Amino acid sequence: QGLCWALDFNVDPMAGLVCQFLNGRIHVLQEIFLRNSNTQEMCERFEQIAQPFADAYFELNRRPLPVTLYGDATGEARSTSSRTDYEIIRIFFRTRKQFELKLEIPPSNPPVRDRVNSVNAMLRNAAGDMRMSIHPDCRELITDLQEVTWKQGSANFDLDKNSDKLRTHLTDALGYMVWRVAPINVFTRIITLPN
């Protein structure tokens with residue numbers, strides 16, 4: 001089975017998660033939480049973590065390890081250098097033949113509330129089903145899940161990104177992935193017009 005790589009682009013911290021999505025369940029295997037960093041360093045750290053998976057996958061399948069990257073739609077426009085973040089990633093993995101990289105980047109980001117609700121539904125839905133496991137070494141992600149709150153007085157369901165600058169980045173990365181692989185059902189509001 002291939003790997004999922006969830007990313008949130010920032011300089012401090014730059015945040016990523018290495019996961020697997022198997023049989024409708026997300027398994028968060030490892031977090032990458034880099035202080036004062038850049039996209040190149042994130043790629044190098046991912047390669048270091050993913051190499052044992054690539055070696056084992058090649059032993060069994062004689063082909064490169066599939067890696068699907070999920071991230072912020074604005075990564076095509078935003079940059080931690082002169083190139084966009086996704087350009088840097090594409091260039092880096094062009095020469096890494098042990099990986100078969102696929103980018104799953106939406107044209108625009110989902111509403112924050114829908115992304116948060118999708119993550120919450122994977123953690124535990126209304127029926128009590130838990131479809132996500134998180135390795136206990138993912139301490140920053142676990143702290144995010146315990147401490148991130150809605151911004152006080154926000155009518156737009158914004159997350160509080162000001163109380164602690166280190167918070168929200170790993171849950172944002174997780175949310176981008178969950179929204180692509182297991183989004184909540186989006187309800188359509190039906191408006192009945194008077195005759």
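**Helix H1 and its surroundings**

Modeller: Happy to! The axes of helix H1 (residues 39-61) and helix H2 (residues 85-94) come within 9 Å of each other and cross at roughly 40°. Please keep in mind that this is a predicted model. At that angle, H1 and H2 are oblique to each other, and H1 passes H2 in a right-handed crossing.

Now for the side chains at this contact. From H1, the residues are Thr-39, Gln-40, Cys-43, Glu-44, Phe-46 and Glu-47, and they meet Asp-85, Ile-88, Ile-89, Phe-92 and Phe-93 of H2. Sorted by class, the contact has six nonpolar, two polar and three charged residues.

Glu-47 counts as buried because its relative accessibility is 18%, under the 20% cut-off. Arg-96, with a relative accessible area of 22%, is partly exposed.

Let us turn to the loops on either side of H1. Asn-36 sits in the loop between strand S3 (25-34) and H1. Although Asn-36 is not a glycine, it has a positive phi of about 45°. Its relative accessible area is 59%, so Asn-36 is exposed. In the loop between H1 and strand S4 (65-71) we find Arg-62, another non-glycine residue with a positive phi, here about 55°. Arg-62 also counts as exposed, at 55% relative accessibility.

The loop between H1 and S4 also holds Arg-63. Arg-63 forms a salt bridge with Glu-100, the closest N and O atoms being 3.4 Å apart. Glu-100 lies in strand S5, so this pair ties together parts that are 37 residues apart in sequence. Both partners are partly exposed, Glu-100 with a relative accessible area of 40% and Arg-63 with 34%.

Arg-180 lies in helix H5, so the two tie together parts that are 76 residues apart in sequence. Lys-102 joins in as well: Lys-102, Glu-104 and Arg-180 are linked in a network of salt bridges. In total, the structure holds six salt bridges.

Conventions: Residues are numbered from 1 along each chain as its sequence is written. This is a predicted model: local features need pLDDT of at least 70, side-chain atom pairs count only at pLDDT 80 or more; totals for chains, interfaces and linings use all residues. Side-chain values use heavy atoms; hydrogens and water are left out. Axes are lines fitted to C-alpha atoms, for helices over the stretch in contact, and angles run from 0 to 180 degrees between N-to-C directions. Helices (H or I, at least four residues) and strands (E, at least two) are DSSP runs, numbered from the N terminus. Angles under 35 degrees count as roughly parallel, over 145 as roughly antiparallel, 65 to 115 as roughly perpendicular and the rest as oblique. A crossing is left-handed if the near helix is turned anticlockwise from the far one by less than a right angle, and right-handed if clockwise. Contact means heavy atoms within 4.5 Å. Ala, Val, Leu, Ile, Met, Phe, Trp, Tyr, Cys and Pro count as nonpolar, Asp, Glu, Lys and Arg as charged, and the others, Gly among them, as polar. Buried means under 20% relative accessible area, exposed over 50%, partly exposed in between (1.4 Å probe, protein chains only). A salt bridge is a side-chain nitrogen of Lys or Arg within 4 Å of a carboxyl oxygen of Asp or Glu.
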